[in-house]
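The sequence and the model are shown first, and the description follows.

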Amino acid sequence: MDIAFSEEDLAFQQRVRTFIDQNLPTGMALWTKRGEWFKALANEGGWDVPKWPKEFGGPDFTPTQRYIFDLEMGKQSTPPQLPFGVGMLAPILMNYGSEDQRDRFLPGIRDGSVNWCQGYSEPGAGSDLANLKTRAELSDDGSHYLVNGQKIWTTLAHIAHWMFCLTRTSSEGAKQEGITFLLIPMDDPGVEVRPIITLGGSHSVNEVYLTDVKVPVENRVGEEGKGWTYAKGLLAHERSGLAGIQSSVMGLEKAKANARKVKVGQGNLLDLASFKHKVGILEAELLALEFTEMRTLARVASGGDPGPESSILKLKGTEIQQRITELNLEAAGIFAAPWGAEAFGPDFAHGATQSYLGGRATTIYGGASEVQKDVIAKNVLGLS
Amino acid sequence: MDLAYTTEQNMLEESISKFVSSEYDLDSRKQLANSELGYSDEHWQTFASLGWLALPIEEAYGGIGGDLVDTMILFESLGKGLVVEPILSTLVLFGGALSIAGTEDQKQALLPGIADGSVKGALAYLEAEAPSDFNAVTTSAVREGDAYVLNGHKSVVFNAASADHLIVSARTEGDVRDLAGISLFIVPSDTPGITRKDYPTVDGLRASEIALESVSVPLSALLGQPHEGASILNQVINRGILAVSAEAVGAMEVLYKSTIDYTKQREQFDHPLADFQVVKHRLTEMFIEYNLAKSLCMKATMLLNQGTADAQRHVHALKFLVGKSSRFVGQNAVQLHGGMGMTEDLAIAHYFKRLMIIDALFGNANIHLEAFTG
């Protein structure tokens, strides 16, 4: 064991830093020139898809390189890619999709020209995802499925071109059997998207109603009835991506800077023991979580599976994200209250309230914390 | 010691709970919060006719002469309904300051109007520089002949738009953080030189930023002794803390109970959620947090009522504990409702937001823990 980076790692770190220096757009350009940023990443040897394997154009990072890459990108708050295509669907297509599906969909996923959403949860299938009821019936001639049902909490369905969707093709046997993985175009006349306004007034999730949607069998990924197995592998990917550790590291620094701006007595909020200790506890836990992620990466590199341990990252990572939003909320004080078009008080106050409210979802989506604990208890500790 | 409510107190609780259940479902509240006024004037008149607005006001001024325990019952019940009418501002802060420090003339002029529903008020005591510290005052009041002239800016003044009168803290001497040198003034809202920027707040209420530019008021506008406003403010804030703590206790009760109801009927893995031990324990913890907050709320209220020496310490402990427990209860109500807890369509979200702002009012849990531990 050696905590020090090797010469090669240090050189890689320098390379990433130089790349960011030279290519990251600043200020408003961060939004207008996103496309160029991702192009530059792609030209660097697949840095736009750091987790993809080499055969699909990924960079084939060592675990230490992945760690360094995420660290440096996180430090500079580089623009993230929407996770649904690159992070979630792509690995499934690589593992279970047909040659034709990979050719059709991976390029659009990679260059960001096609937006995807995830059609998993249903009103009766949240934590108990396998309980889903959306029916897909194969036509008599075997050419297409007719899909009927309702999805809920579908993030960004309103801007998605396609949805990857879990549907029920059989009610025989265990709930996990008889689930089929379909790719559904959102412009089908049978697809209706209704917005859900969430805590804090924002619109990112939706209800998606599917009425007699005709899905050609070519859009089925893998075998009929095996969708659950495919999705389960993907959930592990989703979880490890949701920990958001580097963004929490940055977020905590920002929260400290915000607290320094708030005067209390003769000093500022960071001088207050009751606040300072919360910051300190979070910092210590983040140091540990960051290295836990590193250990997970190392295990994957030596041929292991991120598997159930990724639940630790999701569980702890989202809890830490939420506690950071609490610090900002506390720093905003009563200026957390103004909620009109115009902002008042410290410049971070309005965002602090939004993040606190919206952030409550992080311990619910992608497998609620209570479910993550069950996963760890059962699959890691062997407690059934 | 007697912890039972009197007959009158039971009737008060019953009448508010009747009003809340018949008039204050979530849709009605949303409509009121989104209306131009932000609340219902008709409700306000109802409150007056039911005697709620007269509750804490002395009998000599048209009131009922209730004590802090009565006010606690009022606010706990209002908290269950998330009532948006400006009762805290008018009754506890504005009316409270008048009761504590007003002259006979000042009380005669304003308290009967509060009791009969014709006068509303607000307390403009915070400034942007140090929004948790009501002793940090830069707004100035300078005596010029028969008048005081006020200049400065007040922040997040709840219910200022509906107030006929404001009580404004301003510095008559000393430096920005000096305890001595703060004075309070009763200022009619339409006094020339006052400009307001009104806005909605995240918890469905209304507040304003207020600029004071050469606002001239007569010497008779001074509330209490000159330079000694800090101690009056402290007493008023203490009452405010008791009121919002009681409100939070009411809101927490609704949250833990509705979360029990939801988890009993929501099934996952072929069982109601409430069958799972982790959910049972969480609900139990919510219930315990609610109870601790309620206990300390009762104790601090009765101590302050009697004016005992350790009342102040209990008020600090209370505001800390209410912040802590309402965060736990609120967050877990959302968590156990899953995705549904995140939607604005469920009442959960609105109780959650109100509890969030109650923690921020009058100094949050951090500030009061510091004061409590000294």
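## Domains of chain B

In this predicted model, the domain assignment of chain B gives three stretches: domain 1 covers 7–120, domain 2 covers 122–227 and domain 3 covers 231–373.

## Confidence of the prediction

For chain B the mean pLDDT is 96, and 100% of the residues of chain B reach 70 or more. For the complex, the predictor gives an ipTM of 0.95 and a pTM of 0.94.

## Fold and dimensions of chain A

Chain A contains 12 helices and 10 strands. The radius of gyration of chain A is 22 Å, close to the 21 Å that the globule rule gives for 384 residues, so chain A is as compact as a globular protein of that length. The C-alpha trace of chain A spans about 80 × 50 × 50 Å along its principal axes.

Among the 384 residues of chain A, 41% count as buried. Of the contacts in chain A with a separation of 6 or more, 67% are accounted for by residues 24 or more positions apart.

## Domains of chain A

Chain A is divided into domain 1 (7–80), domain 2 (116–225) and domain 3 (243–380). Taken over C-alpha atoms, the centres of domain 1 and domain 2 of chain A are separated by 33 Å.

## The interface between the chains

How many residues of each chain take part in the contact between chain A and chain B? There are 37 residues of chain A in contact with 36 residues of chain B. On the side of chain A that touches chain B, the elements that give two or more residues are strand 6 (191–198), strand 9 (263–264) and helix 9 (273–301) of chain A. By class, this side of chain A has 19 nonpolar, 12 polar and 6 charged residues.

Terms used. Residues numbered from 1 in each chain as written. Chains lettered and ligands numbered in written order. Predicted model: local features only at pLDDT ≥ 70, side-chain atom pairs only at ≥ 80, totals over all residues. Contact = placed C-beta atoms within 7 Å. Helix = DSSP H or I, 4+ residues; strand = E, 2+ residues; numbered from the N terminus. Nonpolar A, V, L, I, M, F, W, Y, C, P; charged D, E, K, R; others polar. Rg over C-alpha atoms; globule rule 2.2 N^0.38 Å. Buried ≥ 20, exposed ≤ 12 C-beta atoms within 10 Å, placed from the backbone. Domains from an automatic or database assignment. pLDDT = per-residue confidence, 0-100.
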